[in-house]
Amino acid sequence: MKKLKAAIIGCGGIANQKHMPAIQQTGQIEMVAFCDDKGERAPKAAKQFGTPDAKVYTNYSEALKNPEIDIVYVLTPNKSHSAISIAALDAGKHVMCEKPMAKTSAEARAMCDAAKKAGKLLTIAYQNRYRPESQFIKKSAERGDFGDIYFAKAHAIRRRAVPTWGVFLNEEEQGGGPLIDIGTHALDLTLWFMGNYKPKSVMGNVYHKLNGNGDCGNAFGPWNPAEFTVEDSAFGFITMEDGATIILETSWALNIRHPGEAKATICGTKAGADMWEGVKINGDDFGRLYEKSPALDAAGVDFFDGNAATPALLEQLCFIDAITKGKPLTVLPEQALAVTEILEAIYESARTGKLVTF
């Protein structure tokens, strides 16, 4: 099979730690173009991951002119997700964009429109859907094991793990702090498990309580309080059109004993599930309460064509299958849009002190 050709736009941490190694591992994609506005990053990435004749750019518009490129990976700060993705779609390329989809719902909606107009695939990199525990809960939900899921919690809590590199603390570049960074993963999982993407109203609060103290045992080292302009924690109360309730809790720094992120708790009419210790399913049978824990920690638990793989690799393989075989995308752009709409509403509610309705 002819290999797909890809351009990497943004050669920073997420590209090096997740995407480029996984793309290389598929053996089905050649990385032929690398673009970054920081001069040393793209040449380094091209040397490590690119084809021998891979091109290096500092301007993504120039990279998009290459007619051989099939896929564009948008791995830049949140501020530029929408503009680059739309330009790539308009240039006739399929796009995988890092999470969150965009800073604003208007930008995310424009991305959906551009994909439809171009007739190309657009997906957002919510790799936590590909974890074994996530797949187990999703398959159980699709089978109806939980019944009507009417209450859920989305968890993205760190005790002290504020990212002190890149532009994570820059509101202009990122659009916010932990809510838009890690809260987006937890909310995506929760909505996906519920199969529910129609919010009705949102109330939210954001806090700047611990970001004034940079020397407090942070896992990534002290931060500069003057640069920490985004929230350190945020909480949302979301009501869906069908009456279901979701509570979203997210923080980079919170005085809590039991942190955890990219997790969800769901409660249905037949059973419930949480992700705090692998997967725990709870319910009642024959008048007795029960808990069960599927064995997902053993190597070789497979959820993709019989092949064991990391979530990052599964994400790429599913995208390749969508492009080459017409299989459905795992993460639809409309689903990612709903996540962005809710996150935006939490920020808006916190700013105004009012309920945001859809």
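Let me begin with a definition: a residue is called buried when its relative accessible area is under 20%. Please keep in mind as well that what we are looking at is a predicted model.

With that cut-off in hand, consider Asn 128, which sits in the loop between strand S6 and helix H6, the helix spanning 132–142. Its relative accessibility is 11%, and therefore Asn 128 counts as buried. If we set aside residues up to four places away in sequence, Asn 128 touches Ser 134, His 185, Leu 189 and Ala 262.

Let me turn now to the sheet. Six strands make up an open sheet with parallel pairing, and their order is S3-S2-S1-S4-S5-S6. At the edges we find strand S3, residues 55–57, and strand S6, residues 122–125, each of which pairs on one side only. From one strand to the next, the twist averages 25°. Helix H2, residues 41–49, packs on this sheet, where it touches S3 and strand S2 (29–35), and the direction of H2 makes about 165° with that of S2. Strand S5, residues 94–98, runs parallel to S6 and is joined to it by four bridges; Cys 97, for instance, has Ile 124 as its bridge partner in S6.

Ile 124 comes up again in the largest nonpolar core, which has 78 residues, and in which Val 72, Met 101, Ile 124 and Leu 248 touch the most other members. Helix H11, residues 333–352, gives the most to this core, with eight residues. There is also a second, separate core of 25 residues, and among its members are Ala 6, Phe 34, Ala 42 and Ala 322.

Note on methods: Residues are numbered from 1 along each chain as its sequence is written. This is a predicted model: local features need pLDDT of at least 70, side-chain atom pairs count only at pLDDT 80 or more; totals for chains, interfaces and linings use all residues. Side-chain values use heavy atoms; hydrogens and water are left out. Two strands pair if DSSP finds at least two bridges between them. Helices (H or I, at least four residues) and strands (E, at least two) are DSSP runs, numbered from the N terminus. Axes are lines fitted to C-alpha atoms, for helices over the stretch in contact, and angles run from 0 to 180 degrees between N-to-C directions. Contact means heavy atoms within 4.5 Å. Buried means under 20% relative accessible area, exposed over 50%, partly exposed in between (1.4 Å probe, protein chains only). A nonpolar core is a set of buried Ala, Val, Leu, Ile, Met, Phe, Trp, Tyr and Cys residues joined through side-chain atoms within 4.5 Å.
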